[in-house]
Amino acid sequence: VPYCPRCGTALSSHEVAQGYKDVTEKSVFVKFKVKGKENEYFLAWTTTPWTLPSNVALCLNAKENYAKIQAEDGCVYILAEKLCSKLFENYTVLDVKTGKDYEYAEYEALFDFAKLEPNKKAYICVLDDYVTMDDGTGIVHIAPAFGEDDAQVGRKYNLPFLQLVNERGRFAEEVTAYKDMFVKDADKLIIKDLKEQNVL
């Protein structure tokens with residue numbers, strides 16, 4: 001349901017319609033390091049940087065092709081083959097596989113705030129048809145607590161449900177770097193921290 005963090009209550013569709021407006025959001029491309037590889041990354045795109053501390057999976061489309069490319073910066077990136085030329089001018093294709101080939105591939109977490117449930121698998125690649133080739137990289141970051149598609153994929157793959165934001169829209173205690181910050185205010189800090197880690 002639509003929810004107001006300021007009031008701490010759900011909103012009716014009538015209330016939402018009264019205050020509806022289009023806004024411009026900052027989007028980011030993030031490098032998720034492939035587990036066990038030195039300089040290889042899944043490249044994902046998001047318009048909600050504040051959800052990245054709650055990331056538990058990366059979602060690809062099973063039927064689409066994903067290229068592993070060597071970029072000018074010396075890094076190896078995995079992203080949708082159809083979107084490579086939109087994001088990179090000069091690159092070399094090293095390999096092409098389908099999204100299905102990457103199911104359950106592992107990567108390293110961006111943040112270490114999360115205390116994961118022991119019976120849940122996290123930081124893996126998962127698959128769903130909702131991932132399109134229209135924008136971004138063809139790889140969507142998954143935070144099951146924040147978004148309907150994410151929640152459905154989370155249930156399908158039994159992913160952890162990381163709720164690092166309280167009912168007032170502020171980061172919880174365990175998110176030490178952004179503790180008690182309103183999520184949209186934290187966007188700038190999260191982007192800055194990712195830049196410093198060289199994963200932006």
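## Basis of the report

The model is predicted, so local features need pLDDT of at least 70 and side-chain atom pairs count only at pLDDT 80 or more, while totals for chains, interfaces and linings use all residues. Residues are numbered from 1 along each chain as its sequence is written, and side-chain values use heavy atoms, with hydrogens and water left out.

## Salt bridges in the structure

A search of the whole structure gives 10 salt bridges. A salt bridge here is a side-chain nitrogen of Lys or Arg within 4 Å of a carboxyl oxygen of Asp or Glu.

One of the salt bridges joins the side chains of lysine 68 and glutamate 40, with an N to O distance of 3.3 Å. Glutamate 40 belongs to strand E4 (residues 40-46) and lysine 68 to strand E6 (residues 65-71), so the pair ties together parts 28 residues apart in sequence. Strands (E, at least two residues) and helices (H or I, at least four) are DSSP runs, numbered from the N terminus.

Both lysine 68 and glutamate 40 are buried. Buried means under 20% relative accessible area, exposed means over 50%, and partly exposed lies in between (1.4 Å probe, protein chains only).

## A pair within a loop

Glutamate 106 and lysine 121 also meet in a salt bridge, at 2.9 Å from N to O. Both residues lie in the loop between strand E8 (91-98) and strand E9 (124-127), 15 residues apart, and the pair links distant parts of the chain. Glutamate 106 is partly exposed at 30% relative accessibility, and lysine 121 is partly exposed at 44%.

In helix H4 (residues 183-196), lysine 192 and glutamate 196 are 4 residues apart, which means about one helical turn separates them. Their side chains form a salt bridge of 3.2 Å, N to O. Lysine 192 is partly exposed at 43% relative accessibility, whereas glutamate 196 is exposed at 60%.

## A buried aspartate without a salt bridge

Aspartate 150 sits in helix H3 (residues 148-157). Aspartate 150 is buried but has no salt bridge, and the nearest side chain of opposite charge, arginine 155, is 11 Å away. For charge, Lys and Arg count as positive and Asp and Glu as negative; His and the chain ends are not counted.

Leaving aside residues up to four places away in sequence, aspartate 150 touches Tyr130, His141, Ile142, Ala143 and Pro144. Contact means heavy atoms within 4.5 Å.
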